[in-house]
Amino acid sequence: MTAPGEPTPWSADDPIGTMTARGLWMASADGLVLVDAAGSIRAVNPAFVSLFGRPEAELVGLQIESMIPADTRADHARLRMGYERDPVARPMAASRHLEGLRADGSTFPVAISLARLDTGEGPMSFAAVRDLTDRVRAEAVVARANRRRALAEDHDRIASELHDTVIQRLFVLGLGLQGLPDQIADPDVAGRVGEAVDTLDDIIRDIRTTIYGLRDRSDPASGLRQRVAQVVGEMEASLGFAPDLAFAGPVEEMTDAAVIEHLLPVVREALSNVARHAGASRATVTVRLAGDQLSLEVLDDGVGIPDNVNRSGLGNLADRALALGGSFEVAPNQPAGTALRWTVPRPAPAEREQAGSS
């Protein structure tokens, strides 16, 4: 057996024993190992030492099965003995997931290529071990991107079906009912029909909120400024004017998915209330990140909140703030109109890190 630090067990007249071959052995980025017929490690190169985190003196003489997790050693020994019977150069178990076992007990994915080598001490198995950690990570990133793309396509399909089919049918139904109260003599019946029309309007609004929410989540990589601006732009048609939009503080640092998924519907709901109830000619939307607080302020110059307004939408905004440990308030704006303020805490660094890795 070759002692640690001595030349590998190649005969002096064998081409593999030349200085060039020794240089390749030492310089290879793959872990290289020589294993005898009994499965004992006879020589390793520096890359093998680095991969498995064990010194050469400890590796030489060990069974090669000690380099893999315990639950796969018996299977590996069987495959190795099969290779001894038919030593053809080939990748090892190319269709299976292989792992190496480091000295600290951690595992890592590997690819192994096998070949037969004649040495001065007889034929031995020669294996090249490649660490696949980076490749596996890259494949995982691609897989996640593909899943996100498939999910985004699914969201777009659902949103289109809701918009093109469900909303249009509800809209036609609402138009048909809208003129009926004036033709009904019974005030109670007329009132119920009017309430039904209002309910249809609310349903259409809620479906539109769902549609926009689906489309927002289809592009989670977009910056917060862009996504808020998109929501505000979508509301221009309902408002009849373009709201003023302002940002204060480093809002792009707010990347917490939970906060953003609440903020965007709040912006939309707030502007929807302005469009439906305020009679406003101007509105201002301000998103501010200051210290540990993210705030949204929506101001309008309308008539204020009437006493008979359906406050379910406002309750929804309050619930969203409460879910994040924040606050919500609606107050008169000066000199006229309404001021809506929605504030939530910024997640602590540890929470942001955990959210980003999930």
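## Helix α7 against helix α9

In α7, Leu224, Arg227, Val228, Val231, Val232 and Glu234 meet Ile260, Leu263, Leu264, Val267, Arg268 and Leu271 of α9 (contact means heavy atoms within 4.5 Å). The residues of this contact divide into nine nonpolar, no polar and three charged (Ala, Val, Leu, Ile, Met, Phe, Trp, Tyr, Cys and Pro count as nonpolar, Asp, Glu, Lys and Arg as charged, the others, Gly among them, as polar).

The axes of α7 (residues 224-234) and α9 (residues 257-278) come within 9 Å and cross at roughly 25°. Therefore α7 is roughly parallel to α9 (angles under 35 degrees count as such). The crossing of α7 past α9 is right-handed (the near helix is turned clockwise from the far one by less than a right angle).

## Model and terms

This is a predicted model: local features need pLDDT of at least 70, side-chain atom pairs count only at pLDDT 80 or more, and totals for chains, interfaces and linings use all residues. Residues are numbered from 1 along each chain as its sequence is written, and side-chain values use heavy atoms, without hydrogens and water.

Helices (H or I, at least four residues) and strands (E, at least two) are DSSP runs, numbered from the N terminus. Axes are lines fitted to C-alpha atoms, for helices over the stretch in contact; angles run from 0 to 180 degrees between N-to-C directions.

## The sheet

Five strands form an open, mixed sheet, ordered β7-β8-β9-β11-β10 (strands pair if DSSP finds at least two bridges between them). β7 (244-248) and β10 (327-332) are the edge strands. β10 pairs with β11 (residues 338-345) in the antiparallel sense over six bridges. Arg341 in β11 is the bridge partner of Glu329.

## Helices on the sheet

α7 packs on the sheet and touches β7 and β8 (283-290). Its direction makes about 160° with that of β7. α9 also packs there, touching β8, β9 (293-300) and β11. The direction of α9 makes about 10° with that of β9.

Methods. Angles under 35 degrees count as roughly parallel, over 145 as roughly antiparallel, 65 to 115 as roughly perpendicular and the rest as oblique.
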